[in-house]
Each structure stands twice: as structure tokens, then as C-alpha cells.
Amino acid sequence: MKILALNEDCFLIQVSDTIDLALTDKIAFLVKQIEMQLGDALVDITPSYSTILVHYNLLKIAPLVVENLLETAVLSTSLNSVFKGQNKVIELPVYYNVSVGWDLPALSEQTGLSIEQIIQLHSDTKYRVCAVGFAPGFAFLAQVPAAINIARHASPRAVVPAGSVAIADAQTAVYPADSPGGWQIIGNCPVKLFDLNNDPITPFAIGDSVKFRSILLDEFLRLGGQIIDEK
Amino acid sequence: MKSNSGLYVLNAGVFSQLQDLGRYGQAKQGLSQGGVGDPLAAGWANYLLKNSADKSLIEISFGQAEFIAECDLQLAITGAEMSAFIVMPSGQKKAQSNNRSFVLKKGQGLKFGFASSGVRAYLAVKGGFNIRKKYGSCSTVTRNFIGGLDGTGSNLKNGDRLSAFEQLDRLITTKIPEQFIPDYNSPLTLGVIEAYQCEYFSSRQKAMFYNIEYTIGTQSDRMGLRLTGKSIGGLSKGIISEGIALGSIQIPADGLPIILLQDRQTLGGYPKIGCVARCDLNLLVQKSAGEKIRFKPTCLADQQQRYLQRLRFFNQFK
């Protein structure tokens with residue numbers, strides 16, 4: 001564990017230098033601790049796989065005080081003391097089909113698995129939210145079963161449609177909005193995951209779990225899903 | 001007094017946005033912070049009108065914007081020099097210099113030319129504009145579909161109407177003391193607070209980084225500034241995606257730095273050599289493509305003092 005001063009008003013807590021799913025509980029717990037202890041002296045907090053960026057208000061608290069507080073919070077949080085019951089399980093419907101999962105045929109060819117087997121493996125796994133970022137509501141989910149790990153496209157697509165469920169190595173995610181992206185698309189989730197009129201704007205928080213449920217075309221369309229042809 | 005009238009956008013120019021100090025507390029949901037590119041110039045604009053530092057104002061990038069007052073307004077222009085002038089209803093023109101408060105009477109126009117020094121100018125109004133905030137801010141972040149006049153991240157458009165508080169009290173003209181007005185054309189060496197993966201860069205790479213004269217690339221925007229010049233080479237290994245602080249200097253595999261600004265994404269997986277000192281960033285965003293910059297190491301504690309002093313100065317009006 002290391003605490004680095006990044007600039008005038010930010011610290012980076014490096015909880016670990018490897019990705020370890022067990023860490024997400026600790027990081028989620030630490031985020032809540034830090035929010036509570038810094039109160040309105042906290043400007044912003046950005047947790048990720050193994051780090052927490054803490055942005056504080058220099059007018060309200062001195063850097064040394066923050067550093068001490070962070071050190072104490074980290075040292076007093078052992079993995080065992082973390083209360084695990086606080087994180088939710090989010091179930092998301094996914095229409096896994098070549099019409100919306102443009103990369104399913106290539107993934108099938110590369111892994112030697114049938115499309116049905118890929119769907120089974122992807123939807124049987126319970127994932128953890130390891131980070132939310134890149135774009136609003138974009139949750140990095142792990143761990144994708146090794147049999148269906150696939151590298152990103154060498155060159156990203158200009159537009160990945162909103163709702164696309166995609167894989168990059170051992171991570172999976174749902175694109176919350178149309179955006180450029182290089183992940184391999186295997187399906188589409190018709191549920192809106194980013195709404196600026198909601199508070200919070202996305203259902204995901206670090207430490208939550210996500211389970212995908214395979215749905216058929218009629219449910220997909222009923223939930224507002226759309227088939228978009230690849231340009 | 002609240003009023004529905006205020007400032008009418010006759011021409012939004014190259015691009016102009018509503019901004020304030022930024023949107024905070026939502027980074028863990030993936031929302032970018034946004035906010036004025038040059039907090040020093042924006043700070044002065046609000047200061048000249050005795051506004052609190054968080055009041056919304058217009059960030060005019062590159063120039064050519066034109067506005068009409070729909071009621072008497074007290075205004076201030078700071079930042080880039082865009083040779084602003086007031087247009088009387090008679091058509092008569094009168095130059096309006098930056099860095100002082102002034103009155104724009106009902107029916108008068110305010111027109112900006114192209115930026116001749118600096119890139120971003122700030123137009124502030126006494127009391128700020130009356131804009132509905134989203135998550136505590138009206139900052140426009142186009143990529144996140146948030147902020148601005150309609151809350152969906154649009155830049156200002158011709159025909160927009162920004163409601164302001166009508167100002168009937170007499171204006172006492174305030175000016176920025178000459179010695180505090182930066183010269184955006186002077187050479188810029190940015191202080192670097194070494195952090196993040198700095199220790200993973202070899203001493204040779206670091207020496208090169210501090211020796212090279214970089215040029216600001218054309219692919220630069222409110223998210224980040226790309227630099228061109230000699231490559232210092234990348235690191236052999238990527239890093240686990242982590243939170244990106246304002247002013248972070250990324251060194252991707254091509255070995256050319258990218259400085260991350262207000263509209264940056266919240267997380268990133270490129271190695272970073274450190275962060276640009278906050279008080280130097282405002283001068284950086286006033287540089288345009290093709291201009292040269294250099295880096296030098298700086299001391300964190302000194303920069304913290306410098307930044308704190310600035311924060312205290314601009315936060316004196318509530």
C-alpha cells in the first residue's frame with residue numbers, strides 16, 4: 001500500500017499493484033470511510049481496480065491532515081473487517097444475437113465454442129464492478145471466463161451502439177451510450193444505464209455484482225431494444 | 001431582481017460555452033469534471049464584478065462571438081485578447097478593453113473579433129447567469145451530454161437567451177492591476193510535480209522530457225493537449241486503469257506527452273510522468289496549436305502555497 005501526492009490537491013491510494021477481485025470489497029469500503037471522514041472537504045473520489053484518487057479542498061483541509069487520515073483509514077481496513085453485505089446485485093437482461101452482437105461469429109471461430117456455449121458461459125458468471133468510468137455509467141466488470149477471453153479490436157469502431165454488451169480480455173461491460181470503442185460486442189442490453197435525470201445517474205457502484213440474463217427477441221423489443229445494423 | 005431578459009446570443013462564434021468551476025462528486029459515476037479552462041482569467045472576471053468564484057460565465061474560444069444586452073448589464077471580459085467592441089443601436093462602435101468591469105446598456109451589442117493573443121476569453125455578468133444546474137454545476141461537457149443552457153451539453157447557439165439579474169445600481173469600474181495581467185505570447189515553461197509512474201521512467205527519459213521543446217498539436221481540445229516533438233519512448237508495460245488528476249501528463253507508447261485538462265475522462269490506463277502545476281495550467285490552455293512549451297520539475301509544497309494563495313484571493317466574495 002502506498003499513498004502518493006499527485007498534485008496540489010490530490011492523493012492516489014495504491015491499495016495494490018495487481019488486479020484482485022477481492023480488492024473491490026476493500027476499495028468500496030474505503031471509499032465510504034473516506035467520504036465520511038473528509039465530509040465537505042472532499043471534492044471528488046475516483047476508485048478503480050486497485051487505486052483510489054482522492055481530490056480534497058485545499059481551502060478546507062491541510063494536505064498533511066488528509067495524508068494522515070488516509071493512512072489511518074487504509075491501515076485500519078483489513079480485508080476481514082470489510083462488511084460485504086452492503087453491495088447490491090444488479091440483474092441485466094441481454095439479447096445475445098448476431099444481429100446486435102456483431103462479434104459473436106468471430107468470437108465463436110476464435111474460441112472454437114458454439115455461440116450457445118459462449119452465451120452460456122457469459123450469462124452464467126457473476127461479475128464484480130471493479131471500476132466505473134471512461135464514460136458516464138461505463139462499469140468495468142470482471143472476471144470473464146478464460147474460455148471466452150478475447151482481445152480488443154486492433155482498431156476501435158467509430159460507433160458502438162448504446163447497450164452493447166462487450167468483452168475485452170477478462171473484462172466485460174455494457175456501453176451506456178453510443179460511443180467509439182474497441183471491445184468485442186456479443187449482445188445488447190435494452191435497459192438504460194445512464195440517465196442524468198436520475199440520482200444516482202447509474203445503477204453501478206464499485207463492489208456491486210452484475211448478473212446477465214439471456215432474453216429472447218420479443219422481450220428485447222418490449223424493453224425498448226433496437227436492432228442496429230453495423231455500418 | 002430576477003428577470004427573463006439578459007444577454008441574447010446573436011452569434012455564438014467559433015465555439016462558446018457556459019462554464020463555472022466544474023461538476024464535482026460524480027467522478028465515481030464516470031462524469032467528467034469540466035469547468036473553465038483558465039480558472040485564473042475566469043476568476044478575475046468574477047472578481048471584477050464582486051461575484052463569488054463559482055458564478056457561471058461564458059467561455060469564448062477563438063472568438064467571433066456577438067451578444068446583445070436585453071437589459072442594462074454589468075459585465076467584464078478577461079483572458080484572450082479578442083478586440084471586443086460595443087455596438088450602439090445607431091451602429092457606432094466603441095472599443096471595449098479587457099480586464100475591467102463595464103456597463104452594456106439595453107439594446108447595445110458586444111462583438112468579439114478573432115483571438116490575437118490567447119485562446120479563451122471569459123465574459124462574466126454581475127450575479128452570474130440564471131442557469132439551471134445539473135449536479136451543482138452548469139459546466140458544459142459535450143461528451144457527457146450535460147450542462148449548458150438546456151442541460152444537455154450543447155455549446156451556445158445563435159438565438160440563445162441567457163437570463164441574468166438586471167443591474168440598476170451604479171457601477172464602480174474595477175480593473176485588474178497591470179502587473180497581474182499575463183502575456184499569453186511569452187515563452188512558457190510548465191512546472192511538473194513528479195508523481196504517478198514517474199519512477200518507472202529512466203533517468204535518460206526524464207532528462208529528455210525536461211530538455212525537449214514541445215509543440216502543441218492540432219489534436220487538442222478541452223479534454224487534453226497533445227504535444228509533438230521528439231519521442232522520449234514509452235514504458236514497456238501498461239498500467240491498471242486509475243483516476244486521472246487535472247493536469248496529468250500521460251506518456252503513451254509513442255512517447256509523446258498528452259496533458260489532460262478539464263473535460264478529461266475519469267479513468268485511464270496510460271502511464272503518467274506527473275502533473276502540471278495548477279497555477280501554470282491556465283497559461284497552457286491559452287496557447288494554440290503550433291506554439292512551443294517546455295517542462296521543468298517543481299516542488300509540490302511551493303506549488304501548494306501558490307495555489308492556496310490564489311484560491312483564497314478569488315474566494316473572498318460570497
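Start by selecting Pro200(A), which sits in the loop between β12 (184-188) and β13 (209-214) of chain A. Strands here are DSSP runs of E with at least two residues, helices are runs of H or I with at least four, and both are numbered from the N terminus. Show the backbone and look at the bond joining Asp199(A) to Pro200(A): this peptide bond is cis, with omega about 0°.

A word on what is on your screen: this is a predicted model, in which local features need pLDDT of at least 70 and side-chain atom pairs count only at pLDDT 80 or more, while totals for chains, interfaces and linings use all residues. Residues are numbered from 1 along each chain as its sequence is written, and chains are lettered from A and ligands numbered from 1 in the order in which they are written.

Next, select Ala142(A) and Gln143(A). The peptide bond between them is also cis, with omega near 20°. Gln143(A) belongs to the loop between β7 (139-142) and β8 (157-160) of chain A. For background, most peptide bonds are trans, and most residues other than glycine have a negative phi.

Now zoom out to the whole of chain A. Of the 231 residues in chain A, 45% are buried (20 or more other C-beta atoms within 10 Å of the residue's own; exposed means 12 or fewer, partly exposed lies in between, and C-beta atoms are placed from the backbone).

Move to chain B and select Phe62(B), in the loop between β3 (57-61) and β4 (66-69). Phe62(B) has a positive phi, near 70°. Is Phe62(B) buried or partly exposed? It counts as partly exposed, because it has 19 C-beta neighbours inside 10 Å.

In the loop between β3 and β4 of chain B, click on Gln64(B) too. Phi of Gln64(B) is positive as well, near 75°, and with 18 C-beta neighbours inside 10 Å this residue counts as partly exposed.

Last stop: where the chains meet. The contact (C-beta atoms, placed from the backbone, within 7 Å) takes 34 residues from chain B and 33 residues from chain A. On the chain B side, β15 (242-243) and α4 (300-314) each supply at least two residues. Which element gives the largest share of that side? Select α4(B), which provides 7 residues.

Terms used:
Contact = placed C-beta atoms within 7 Å.
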